[in-house]
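Visitor: I have a structure open here and would like to talk it through. Can we start with the overall picture and then go into details?

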Amino acid sequence: MTESLKRLIEQAPKTELHLHIEGSLEPELMFALARRNDIDLPYDSEEDARAAYQFDDLQGFLDLYYQGMSVLQTEQDFYDLTLAYLERIHADNVVHTEVMFDPQAHLERGVPFEAVLNGIERALEDGQRDWGISYKLIMSFLRHLSEESAFETLTAAEPYLERIYAVGLDSGEQGHPPEKFARVFERCRELGLKLTAHAGEEGPPDYVRQALEVIGVDRIDHGNRALEDEDVVRMLAQRNMTLTVCPLSNLKLNVIPEMSQHPMLAMLNAGLKATVNSDDPAYFGGYVNDNYRALIDHLPVSSEQLHRLLVNGFEGAWMDDAERKKHLETLDRMFNAVS
Ligand code: HPA
Ligand SMILES: [Zn+2]
């Protein structure tokens, strides 16, 4: 039974709504770019790098994540990174991806905004042309930095905003509540950008509430800890708010003690619009299909619930309505055939 559910998931068209492109940097490409750019890495080998990816918490991961991305220097590096990600998700039958990037982490190393954006976007255009993968770009602010730094980043991005669909908020959550960026997000909304924010990954349910009520987000990234507060759960359900949940990330960062304790089914049972995503696949042990397979292996998930998760991904996606309808019809056909 679980094997047939896995086959079904593998073949189904899917979305990815929570992906940090810098977190898709596999050790093999990290080493290749380090050689190309003459950069020293603190690892002896690719295996050594992979073995070092053991984290106690979000900050432990972020330290390696920011270090790893130091090999990304040129537009071509960002192109190669993004194309490798697209090739990988094409094999997983992902048909629409919404890609986050962290410009501050590159600007502070002297990499121009334009190099980052041009490289990522050129690969996304090639992926759309060659594999039919539609996309949106999300510029994320680093919440451990200041409001002023976020405003400076927005100014640097202003000439390019037609190519950026939404803004997000990521990095270390504790002590950096959404309300710290209320004015930046207000300006972003005025500029016509969609808004999303990481909330309730490590931070308390009140950060989810702030993201909803103070920022007025269109989507929540993670949201796990909302389940600790029934008022926040009610707010999320009433707004039909999409949660971009990342099971393997949650396991690796100790948001959950083991996969059998993952709250995905509790979220669905509470009427929340949860979706399945990979977050930082090179660091957390898997891409979208790996995340679905982990749920199937460790939770009593039904084919109806898997169908719901896939549908939620398309309903929560910022994508063309005709494309969405086409994929939802394909999903209906596939799941009707098994029930
Ligand atoms: O999982 C994450 N959480 C917060 N910030 C991040 N930046 C990259 N990945 C993450
Ligand atoms: Zn994330």
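**Overall size and fold**

Guide: This is a predicted model. A compact globule with 339 residues would have a radius of gyration near 20 Å, and the chain has 19 Å, so the two agree.

Visitor: What box do the C-alpha atoms fill?

Guide: Taken along the principal axes, the box is roughly 55 × 40 × 40 Å.

Visitor: How many helices and strands does the chain have?

Guide: There are 17 helices and eight strands.

Visitor: And how much of the chain is buried?

Guide: Buried residues make up 47% of the 339 residues. As for contacts with a separation of 6 or more, 76% come from residues 24 or more positions apart.

Visitor: Which domain does UniProt list?

Guide: The unreviewed UniProt entry lists "domain: Adenosine deaminase" for residues 13-332. Over that stretch the chain is 51% helix and 15% strand. The C-alpha atoms at its ends are 11 Å apart.

Visitor: New topic: the ligand. Which residues are around ligand 1?

Guide: The residues around ligand 1 are His20, Gly23, Leu58, Tyr65, Asp170, Ser171, His198, Glu201, Ser249, Asp279 and Asp280. By class, that shell has two nonpolar, five polar and four charged residues.

Visitor: Where is Glu201, and what does UniProt call it?

Guide: Glu201 sits in the loop between strand E5 (194-199) and helix H10 (205-215). The unreviewed UniProt entry gives it the annotation "active site".

Visitor: Is Glu201 buried or exposed?

Guide: Glu201 has 24 other C-beta atoms within 10 Å, so it counts as buried. Leaving aside neighbours within four places in sequence, Glu201 is in contact with Leu58, Glu173, His222, Asn224 and Val255.

Visitor: And what about Asp280? Which annotation covers it?

Guide: In the unreviewed UniProt entry, the annotation "binding site" covers Asp280. Asp280 lies in the loop between E8 and H14. It is buried, with 26 other C-beta atoms within 10 Å.

Visitor: What is Asp280 in contact with, leaving aside its neighbours within four places in sequence?

Guide: Asp280 is in contact with His20, Gly23, Tyr65 and Ser249.

Visitor: Last one, a helix. Which residues are buried in H8?

Guide: In helix H8 (residues 147-157), Ala150, Thr153 and Leu154 are buried. Seen down the axis of H8, the buried residues fall within an arc of 100°, so they line one face of the helix.

Visitor: What do the buried residues of H8 pack against?

Guide: They pack against helix H6 (103-107), strand E3 (134-142) and helix H9 (182-190).

Visitor: Which exposed residues are on the face turned away from the buried side?

Guide: That face of H8 carries Glu148 and Thr155.

Notes: Residues are numbered from 1 along each chain as its sequence is written. Chains are lettered from A and ligands numbered from 1 in the order in which they are written. This is a predicted model: local features need pLDDT of at least 70, side-chain atom pairs count only at pLDDT 80 or more; totals for chains, interfaces and linings use all residues. A residue is buried if 20 or more other C-beta atoms lie within 10 Å of its own, exposed if 12 or fewer, and partly exposed in between; C-beta atoms are placed from the backbone. Helices (H or I, at least four residues) and strands (E, at least two) are DSSP runs, numbered from the N terminus. The arc is that of the directions from the helix axis to the C-beta atoms. Two residues are in contact if their C-beta atoms, placed from the backbone, lie within 7 Å. UniProt positions are given in the numbering used here, feature names are shortened, and annotations may be inferred rather than shown by experiment. A residue is near a molecule or strand if its C-beta atom, placed from the backbone, lies within 6 Å of it. Ala, Val, Leu, Ile, Met, Phe, Trp, Tyr, Cys and Pro count as nonpolar, Asp, Glu, Lys and Arg as charged, and the others, Gly among them, as polar. The radius of gyration is taken over C-alpha atoms; the globule rule is 2.2 Å times the number of residues to the power 0.38.
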